[in-house]
Amino acid sequence: MSIWYSPHPKAFLREICTALATEKEHCAVSVPQYLLSSFRDELISYGRKSLGQLRIPQIDPQSSLEQNLCPLFIFHHEDEAGIASLPEATLSECRTLVIFLPETPLPWEDEFFAFVNHMVAHAKFCKDQDVHMPWSLLLVIPSGRRMPREDIGLKVFHWWGRLHVSDLEYAIEQVLGAAEVEEKHLYYWFYALCKGLASSDPGLVDFFLEALPTDMDSLVKALSLHELNTRENGQLVLSYLNAPHCHLDRHAPPQGAMAPLWHRGILDIDCYGRTALHPAALLAAGQTAELERLAVSGQMQVFLPLAQEVHSLLYRKIEHILGPGWDRLNAENFPALDSEIGPLSHYLYTYYRSKLPIFLLNTAKHWRDLRNSIAHANMIPFAVALQAVRDYLCLLEDQ
């Protein structure tokens, strides 16, 4: 699933299109190179709904600025055809021109930005006169490249620090729901994996579902095939990790040594300002321990609350079978019996092994094993997680 389908990326597109729809402002937007192709696709689809047809020319660096732009317009007088007359000319077939600048600077870059300034000056004039511009410009630039400054008549947008937890949740639900996973217990495994590793890139939800990692070895193998797993990206990550701490602000794009990481889509911060490096780039930097830490953090978010729920379900089920007071027998030797799955499992095997269905005993043991894996900051073994979730689902059905 494209990242731009998620709520806040979609809102980012909506902000841009809303500004253009006023017909009194031009826009410039910076997007990491990694996301430019998907941004273009969604812009075409989404933009047409609010702006109508978009004109997206193929920029030829070998031709002049005038040769690239003037054929797109209809001029009122033939002798006026030229860059200087473009603000008042008519854009052929539509009212929005979208220019995607390439990753490397154009030979006529200075001339192009002078043209943009000329467009902004005309937009200011139209605002002063309270009239609509004949056409609007949307400039899309790879992150970290030269950008025009925001001004009256020009709104500047950066894709940086805009992802929310809800965007990942949405991607997980859309992708895993659409996959129609036959065995429900697999859903929990992949949900935890994505929670831990896809916070900086919801597009990884699709990637992980296709690769089906079940342990660290298969996770590493999957990420090694990702397009961001390159030697250059690994070197950038190592330089970033070894550099002095640098404060990053979601309201200001990264500068200096951080800009190349942003440009490549391997560094982002979420809406709370928390830094996130892309897992594929972490692997390229040899940071497998950090990858495991991220995987474990996702499992903690998903399986720890489930462990508490299983504890509560077991407590009620056992009381229904044994009656009130079953947990008072030498309870002083089992601290946290009423709140943790580990002591509960030990207690049941010590005093009630012959009085309870084996399923309940095994459920408590399986979730104790799972809880112990998390407590030691180890990635939960695939078989352990699946068995524990099977028990949990059976316990739910038996309520």
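1. Helices here are DSSP runs of H or I with at least four residues, strands are runs of E with at least two, and both are numbered from the N terminus. This is a predicted model, in which local features need pLDDT of at least 70, side-chain atom pairs count only at pLDDT 80 or more, and totals for chains, interfaces and linings use all residues. Residues are numbered from 1 along each chain as its sequence is written, and side-chain values use heavy atoms, with hydrogens and water left out.

2. Helix α14 covers residues 358-375, 18 residues in all. From first C-alpha to last it reaches 25 Å, close to the expected 26 Å (1.5 Å times one less than the number of residues). Its buried residues are L360, L361, T363, A364, W367, L370, S373 and I374. Buried means under 20% relative accessible area, exposed over 50%, and partly exposed in between, with a 1.4 Å probe and protein chains only. The cover over these residues includes α12 (288-322), α13 (341-351) and α15 (382-397).

3. Two other positive phi values deserve a look. E93 has phi near 75° and is not glycine. E93 sits in the loop between β4 (90-91) and β5 (96-100), and counts as exposed at 71% relative accessibility. D130, also not a glycine, has a positive phi of about 55°. D130 is in the loop between α4 (109-129) and β6 (136-142), and is exposed at 57% relative accessible area. Most residues other than glycine have a negative phi.

4. D167 lies in helix α5. D167 is buried but has no salt bridge (a side-chain nitrogen of Lys or Arg within 4 Å of a carboxyl oxygen of Asp or Glu). The nearest side chain of opposite charge is R250, 9.3 Å away. The D167 side chain does reach the backbone nitrogen of H8, at 2.8 Å. Beyond neighbours within four places in sequence, D167 is in contact (heavy atoms within 4.5 Å) with S6, P7, H8, P9, R162 and P202.

5. F208 belongs to helix α7 (residues 204-211). F208 counts as buried because its relative accessible area is 0%. F208 and L219 are 11 residues apart in sequence and 8.4 Å apart in space, C-alpha to C-alpha.

6. On confidence, mean pLDDT for the chain is 91, and 98% of its residues reach 70 or more. pLDDT is the predictor's confidence in each residue, from 0 to 100. Helix α5 (residues 165-178) is lowest, at a mean of 85. Helix α11 (residues 279-284) is highest, at 97.

Technical notes:
Lys, Arg positive; Asp, Glu negative; His and termini not counted. Polar contact = N/O pair within 3.5 Å; in protein donor to acceptor, adjacent residues only side chain to side chain.
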